[in-house]
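Hi,

Here is the structure I promised to pass on. Have a look at it first, then read my notes below.

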Amino acid sequence: MKLSGLAAVPFKINSSLRSLVEKHLPADYSAGCVFTPVEGLSSESWRIESPTYRYLARLESAEKQLLGIDRRRENRLLRHLSSTGIAPQVLRWAYPWLVVSWVDGETLSQALFFSAEQQRQLAALLARLHGVAPQGEVLDIRRRLGRYWQAIDRRRLTPAWLRVHQRMMKRSPPKALKTAVTHMDIHPENGVVSPQGTRLIDWEYAVSADIALEFAALFRGNSYSPSQQSQLLLDYARCGGYPDLVRLEAQIRLWQPWLDYLMLMWFEVRWQQTADARYTLWAQPLRQQLFSEFK
């Protein structure tokens, strides 16, 4: 369906997005744009398709900010990565919308993601990404956990949970092995096989952080086996990534409790926002593991 301007928009689109397209992408606006919601009907991410270009518009919202998403930070980091070919290009940042290029291609299936070739490509991509100097504020994980703590449902709070939280917040996080730009949300649906090779999308959690935390998130979030972890790290080192695998593996283990608690708290905040029982289901194994460690 082709629209003349936005006269026949079939979804409710924020007027600020219409104004942004009309002001900053006037040729596309006059030629006609198709707007399609990307995240269900939340109206927080929209694909903008004109006869010649496709874009992705991402909204800055209070709900996203509670989760640690900051479109200003995302804008700065994507511009910082603009010459690498790793990430989408920023076209416009005009609060509250960040507009980036649409990455053409197919998202990875679970099977393809874990294929030997794709894992080698991922290792090479991570080596390139972690070779980029950090930009902006470095992730303060205790500060992020503190913000999540303020957003959880207090009715779910137990003495055991309070004990875990207090002990985590009194600890000092591991001293960074190497600080670089990290993606922090790598999984099959955020990998796209494009004409330019495999690329990463959805950089909303990207931040300057310890590279070992990136791997802790990658391994836990995708349930890597020990052999899959070892092979990826070996390929990563061969591609110019961090060379001392013994130190890197030890650092990943140090970060694991922090990453697990960060994931648990994220699930709890999402449950508070959505009342979707899947989030409490996904949180339960992390809860049991952490609570047993802090008895």
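What follows covers the sheet and then the helices.

A quick note on sourcing: this is a predicted model, where local features need pLDDT of at least 70, side-chain atom pairs count only at pLDDT 80 or more, and totals for chains, interfaces and linings use all residues. Residues are numbered from 1 along each chain as its sequence is written, and side-chain values use heavy atoms, with hydrogens and water left out.

The sheet is open, with five strands in the order S1-S2-S3-S5-S4 and antiparallel pairing. Strands here are DSSP E runs of at least two residues, helices are H or I runs of at least four, and both are numbered from the N terminus; two strands pair if DSSP finds at least two bridges between them. S1 (34-37) and S4 (90-94) are the edge strands, each pairing on one side only. S1 pairs with S2 (residues 45-49) through four antiparallel bridges, and Pro37 sits opposite Trp46 in S2.

On to the helices. H6 (residues 116-129) and H9 (residues 211-221) have axes that come within 12 Å and cross at roughly 155 degrees (axes are lines fitted to C-alpha atoms, for helices over the stretch in contact, with angles from 0 to 180 degrees between N-to-C directions). So H6 is roughly antiparallel to H9, a label for angles over 145 degrees. Leu122, Leu126 and Leu129 in H6 meet Glu214, Phe215 and Leu218 in H9, where contact means heavy atoms within 4.5 Å.

Cheers

Definitions and conventions: Angles under 35 degrees count as roughly parallel, over 145 as roughly antiparallel, 65 to 115 as roughly perpendicular and the rest as oblique.
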